[in-house]
Amino acid sequence: MTLHQLKVFSKVAKLRSFTLTAASLHVTQPSVTFVIQSLERELGAKLFEKLGNKVHLSGAGKKLLHHAQ
């Protein structure tokens, strides 16, 4: 787990959107998706659940956010 992954994860958790996160970090949306997917693979857990256009933290995502802050 890298600081960059935690930064992207925290931003997605705050904005609840991969697209808005990408815009705020000046990267592409697929780049944000790649970072989150690689973090999920590394941790062996889903961090977000999609609900329409918004994403919400899963139980594992809530735990990681607590530790990231």
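How many nonpolar, polar and charged residues does the lining of the largest pocket have? By class, four are nonpolar, five polar and four charged. The model is predicted: local features need pLDDT of at least 70, side-chain atom pairs count only at pLDDT 80 or more, and totals for chains, interfaces and linings use all residues. Residues are numbered from 1 along each chain as its sequence is written, and side-chain values use heavy atoms, without hydrogens and water.

**Largest pocket**
- The largest pocket holds about 210 Å³ of space.
- Its lining comprises 13 residues, with Phe 18, Thr 33, Phe 48, Lys 50 and Val 55 nearest the centre.
- Two or more lining residues come from each of α3, β1 (48-51) and β2 (54-57), and α3 gives the most, five.
- Lining residues have an atom within 4 Å of a pocket point; a pocket is an open set of points on a 1 Å grid, where a 1.4 Å probe fits, with protein on both sides within 12 Å along at least five of seven lines.

**Helix packing**
- Helix α2 (residues 18-25) and helix α3 (residues 29-43) pack at about 110°, with axes 8 Å apart.
- The two helices are therefore roughly perpendicular (65 to 115 degrees, on a scale from 0 to 180 degrees between N-to-C directions).
- Phe 18, Thr 19, Thr 21 and Ala 22 of α2 are in contact (heavy atoms within 4.5 Å) with Gln 29, Val 32, Thr 33 and Ile 36 of α3.
- Four of these contact residues are nonpolar, four polar and none charged.

**Aromatic pairs**
- The whole structure has two aromatic pairs (ring centres within 6.5 Å).

Note on methods
Helices (H or I, at least four residues) and strands (E, at least two) are DSSP runs, numbered from the N terminus. Angles under 35 degrees count as roughly parallel, over 145 as roughly antiparallel, 65 to 115 as roughly perpendicular and the rest as oblique. Ala, Val, Leu, Ile, Met, Phe, Trp, Tyr, Cys and Pro count as nonpolar, Asp, Glu, Lys and Arg as charged, and the others, Gly among them, as polar. Grid points are joined across faces, edges and corners, and a volume is the space filled by probe spheres set on the points. Rings of Phe, Tyr and Trp (its six-membered ring) pair if their centres lie within 6.5 Å; planes under 30 degrees apart count as stacked, over 60 as edge-to-face and the rest as tilted.
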